[in-house]
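Thanks for coming. Please have a look at it first.

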Amino acid sequence: EIGMKEQKTPSELVSEAKAQQKSELEVMISEGQAYIKQLRELNDVIEGEEISTKLFQLEDLLKEIFSRVEAEPEQMSRMHKVMDYYLPTTVKLLTAYKEFDAVSAPGADIISAKDEIEKTIDTINAAFVELLNTLFQNKVFDITTDAQVLQTMLASEGLTKEMAFDKMYYFDSPLGASLGSGYDISLTDFAVTNNSLQFNSV
């Protein structure tokens, strides 16, 4: 009928969704890199080795987090608060810290405020460690499952039993010395169990 819109196929809808996700991901990564750059610039001007170490840790965590999200775009939903609140607030706090740091004779209030900001950076770093681990949960589950399935398959095929060796070896030393000089012995007399060599006595 005239005026009716042509319905899109499921594959077209999937393609559109992927294109939109890719666009949103590119924006998020770009904004994330901008925040990382701001943090580095603030770190460069803020004096103090202790807080500098904390900010380097924060920078490294953010690089890993955004790298993980880039690898798994479906994780973007976990990043909304990071982008909308945590990072902007962190930059705001550190900008204030930089201003306080420039005061030649800081009073008790400024010193207290700086201490509070440093504690907050510790909290942020701890939270981002947890976030990074959360972003790897799906990968950890998949790999763990694959490992368990592989072990089960190997066991079902009888391939995880004791390993025997068929080659003949001539031991002169040091094992031969304990058995007698020039002692001929087959490695089929031995078995590897739990990564240790066991002698199969007759």
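Helices α2 and α4 are roughly parallel to each other, because angles under 35 degrees count as roughly parallel, over 145 as roughly antiparallel, 65 to 115 as roughly perpendicular and the rest as oblique. Their axes cross at roughly 25 degrees and come within 10 Å. Axes here are lines fitted to C-alpha atoms, for helices over the stretch in contact, and angles run from 0 to 180 degrees between N-to-C directions. Helices (H or I, at least four residues) and strands (E, at least two) are DSSP runs, numbered from the N terminus.

Before going on: this is a predicted model, where local features need pLDDT of at least 70, side-chain atom pairs count only at pLDDT 80 or more, and totals for chains, interfaces and linings use all residues. Residues are numbered from 1 along each chain as its sequence is written, and side-chain values use heavy atoms, with hydrogens and water left out.

Back to the pair. α2 and α4 make a left-handed crossing, meaning that the near helix is turned anticlockwise from the far one by less than a right angle; clockwise would be right-handed. On the α2 side, the residues that meet α4 include I51, L55, L58, L62 and V69. Among their partners in α4 are I121, I124, F128 and L135. Contact means heavy atoms within 4.5 Å. By class, this contact has 14 nonpolar, two polar and six charged residues. Ala, Val, Leu, Ile, Met, Phe, Trp, Tyr, Cys and Pro count as nonpolar, Asp, Glu, Lys and Arg as charged, and the others, Gly among them, as polar.

Now α3, residues 80–101. How does α3 run relative to α4, parallel or antiparallel? The two are roughly antiparallel, with an angle of about 150 degrees and axes 10 Å apart. The crossing of α3 past α4 is left-handed. Residues of α3 in this contact include L87, T90, L94 and Y97, and those of α4 include I117, I121 and I124. The contact of α3 with α4 divides into 14 nonpolar, two polar and three charged residues.

α2, residues 49–71, and α3 have axes that come within 14 Å and cross at roughly 160 degrees. That makes α2 roughly antiparallel to α3. Here too the crossing is left-handed. I51, L55, L58, L62 and F66 in α2 meet M83, L87, T90, L94 and Y97 in α3. This contact has nine nonpolar residues, one polar and no charged.

Next, the loop between α2 and α3, where Q75 lies. Is Q75 buried or exposed? Q75 counts as buried, at 2% relative accessibility; buried means under 20% relative accessible area, exposed over 50%, partly exposed in between, with a 1.4 Å probe and protein chains only. Leaving aside neighbours within four places in sequence, Q75 is in contact with V69, L135 and N138. Q75 and F136 are 61 residues apart in sequence and 9.7 Å apart in space, C-alpha to C-alpha.

Finally, the chain as a whole. There are six helices and four strands, in the pattern α-α-α-α-α-β-α-β-β-β along the sequence. Buried residues make up 25% of the 202 residues. Of the contacts with a separation of 6 or more, 60% are between residues 24 or more positions apart.
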